[in-house]
Amino acid sequence: MDYNFLFVVALNGLVYGSFLLLPTLGLSMVFGLARIVNFAHGQLYALGAYFTVELIRLLGSYWSAVLVSPLLMVLFAVGLERLAIAPIRDRTEIYTLPVTFGLGLMIVGGIEQCWGTAAVLVSAPAPLQGSVTVLGNEYPTYRLVAAALSLIITSTVFAVVQWSSIGLQIRAVADDREMAAAIGVNTDYLITMVFGSAAGFAALAGALGAPIFTVNLGTGSSVLLDSFLAVILGGLGYLPGSAVGAFIIALAKNIGSAYLSDWSIAVIFGVVGLTLVIRPQGVLGRGRVA
Amino acid sequence: MRRDVVSKIAPAPTAASLAEAFTARLLFLSSMALLLAFPFLGANEFTVTLLTEGLIFGIWAMSLDLLAGFTGLMSFGHASGLGLGAYTAGYFAQHVTSEFLIALPAAEIVVAVLAVLLGVVVGRISGVAFAIVTLAISQVLLQIGIAWLPVTGGMDGLIGVPVPTLFGYKLESGESFYLIVAVILILVYLALVRLANSPFGHTLQAIRLSEQRAAAIGINVRLHKCAIFVVSWLVAAIAGTLLVFMKGGTTPMVFNWYQSGYVLAVTMFGGLGTLLGPLVGAIIVTFLHDQAISLFKAWQFVFGLAFVLAVIFFPAGIAGIAIRTWNRLWESRC
């Protein structure tokens, strides 16, 4: 067995996992807090990457594009939430599925109109274009730096949810929306804000990942499915579970497709689907959200 | 027996309600006649083909309506039944016989076995979990379609499925195939209307309104959910069989979750729980799609927008609008 190959594949998996973290947490949080199943979430990731491409052209610098793209996305997503999702808040949560699916279609159509169907390539910023030696294997520097950045941002999100007063409100709404509203939490505002920031984090992941993973029309859909698998495995709405789920899915996908080719993804979907039937709270979930 | 009880409670029919029922039946019969006569009314070949596709799509949408509309189980993997029907019928036609009346039951048997096995599992869940598990099922089938090269042909799919025959007569012309599709559509529609109005259909409605309440009055909820899941897949497989013969093949992309979302969108656009709504919706969308892709590149944008607006503002779909207009018409007359 070639351990070097396995090592590189696993490292790729870990890098992908740390990118998957951001969209996964967003998806999980939006479901836990607002009971919105966001089928447009992957497209928000993809749109973040396309925004970055356009912003690099406009601003000339990669890092400023990475900063501005998520901010634009927050504005965009807040508008989206106010216009399309807030009007159906009183209906059963299942209705958020078709609406967000429609929104996803709109974004895909928009992307096709603006950027065409060809894959878009972004080159990594100049100082990070080289590679470093990890245990005797050459590995691109940018991947490690971007993965580290993504991990730092994720930790910050966890810290905010766990220790800040806004995080306390978020957890209160996730626990019991009516009760939280009764003691004075502005739930509507909070849901919109969390939806917006979840989209911003997805876009940030898309922006940071653009030089690593090629961006095309299928990107959004594949990111969405992967983060969904992660969220289900970890328990819908349970953030630490979702984080672990993201790494499990990323590793399983990378190692599986390296050794078992196309069958691995069928197995992953089968396992996760069965998980949802047997243990709806997820393998790691504890039966409560956020 | 049930009917006797109802007739004792229901008021005697008035002249107005009889006239309404008569008009409805007349409208239905004439539209069926129009449907069957369509290719002979001077329509060109392309329109006939497009309508054939629309009718197949309509059968598929009606099969989803059984789950999403009647039972309240929003499936996000309804491409599974269609794709499975397409693959098995296509494979059977390639390797055994392309006689339609043998290939269709053969596909149905395979789909039934799988649907029963999966139905036992998905009968336990509902809501968002049901949507996601059905999506996972269709993704598993998609990957199997890609990976199981010797049988499915991998990414290329089944190619060169022979032209179907009916009692040995080759259905080569577009008109003859159209007629088969139209007849099957009418039979499926009538059967499903009967199913919807049967005690079984009413039980499904009870489950949709509240699973707990249905269980409390003694309904075996899991069994009913499993049963309607199987029926829905069987009807979807009919559409799949017709599709594979129409296109002369299929690719794994038939299982794509976008297809599942698409058929759900069309079913909701037509009007959940009305059967006729999803059918009409599917035909309309097929023709609109054909018009739209020649007009602008971003057809998905327009479709997505229309769909979002429909779900927010017209949750009852076009059938809801039609029913409201119909009722208003009869109220103002009488």
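Biologist: How many helices and strands are there in chain B?

Modeller: In this predicted model, chain B has 15 helices and 4 strands. Chain A, by its side, has 11 helices and 2 strands. The order of elements in chain A, from the N terminus on, is α-α-α-α-β-β-α-α-α-α-α-α-α.

Biologist: What makes chain A as compact as a globular protein of its length?

Modeller: The globule rule gives 19 Å for 290 residues, and the radius of gyration of chain A is 19 Å, so the chain is as compact as a globular protein of that length. Its C-alpha atoms fill a box of roughly 60 × 45 × 35 Å along the principal axes.

Biologist: Why does the radius of gyration of chain B agree with that of a compact globule?

Modeller: A compact globule of 334 residues would have a radius of gyration near 20 Å, and chain B has 20 Å; therefore the two agree. The box filled by the C-alpha atoms of chain B is roughly 60 × 55 × 45 Å. Of the contacts in chain B with a separation of 6 or more, 79% join residues 24 or more positions apart.

Biologist: Why is Leu275(B) called buried?

Modeller: A residue is buried if 20 or more other C-beta atoms lie within 10 Å of its own. Leu275(B) has 24 such atoms, so it is buried. This residue lies in the loop between H12 and helix H13 (276-295) of chain B.

Biologist: Which residues have the most contacts inside the largest nonpolar core?

Modeller: They are Val30(A), Val194(A), Ala203(A), Ile56(B), Trp60(B) and Ile132(B), in a core of 186 residues. Helix H11 (residues 221-247) of chain B gives the most to this core, 16 residues. Beyond its neighbours within four places in sequence, Ile56(B) is in contact with Val181(B), Ala239(B), Leu242(B), Leu243(B) and Met246(B).

Biologist: How many residues does each chain give to the contact between the chains?

Modeller: Chain A gives 35 residues and chain B gives 35 residues. On the side of chain B, the largest share, 14 residues, comes from H6(B). That side has 27 nonpolar, 6 polar and 2 charged residues.

Biologist: How do you know that helix H4 of chain A and helix H12 of chain B pack, and at what angle?

Modeller: The axes of H4 (residues 96-115) of chain A and H12 (residues 257-270) of chain B are 10 Å apart, at an angle of about 115 degrees. The crossing of H4(A) and H12(B) is left-handed. In H4(A), Pro98(A), Phe101(A) and Gly102(A) meet Gly261(B), Leu264(B), Ala265(B) and Met268(B) of H12(B). By class, this helix contact has 5 nonpolar, 2 polar and no charged residues.

Definitions and conventions. Residues are numbered from 1 along each chain as its sequence is written. Chains are lettered from A and ligands numbered from 1 in the order in which they are written. This is a predicted model: local features need pLDDT of at least 70, side-chain atom pairs count only at pLDDT 80 or more; totals for chains, interfaces and linings use all residues. Axes are lines fitted to C-alpha atoms, for helices over the stretch in contact, and angles run from 0 to 180 degrees between N-to-C directions. A crossing is left-handed if the near helix is turned anticlockwise from the far one by less than a right angle, and right-handed if clockwise. Two residues are in contact if their C-beta atoms, placed from the backbone, lie within 7 Å. Ala, Val, Leu, Ile, Met, Phe, Trp, Tyr, Cys and Pro count as nonpolar, Asp, Glu, Lys and Arg as charged, and the others, Gly among them, as polar. The radius of gyration is taken over C-alpha atoms; the globule rule is 2.2 Å times the number of residues to the power 0.38. A residue is buried if 20 or more other C-beta atoms lie within 10 Å of its own, exposed if 12 or fewer, and partly exposed in between; C-beta atoms are placed from the backbone. A nonpolar core is a set of buried Ala, Val, Leu, Ile, Met, Phe, Trp, Tyr and Cys residues joined through C-beta atoms within 7 Å.
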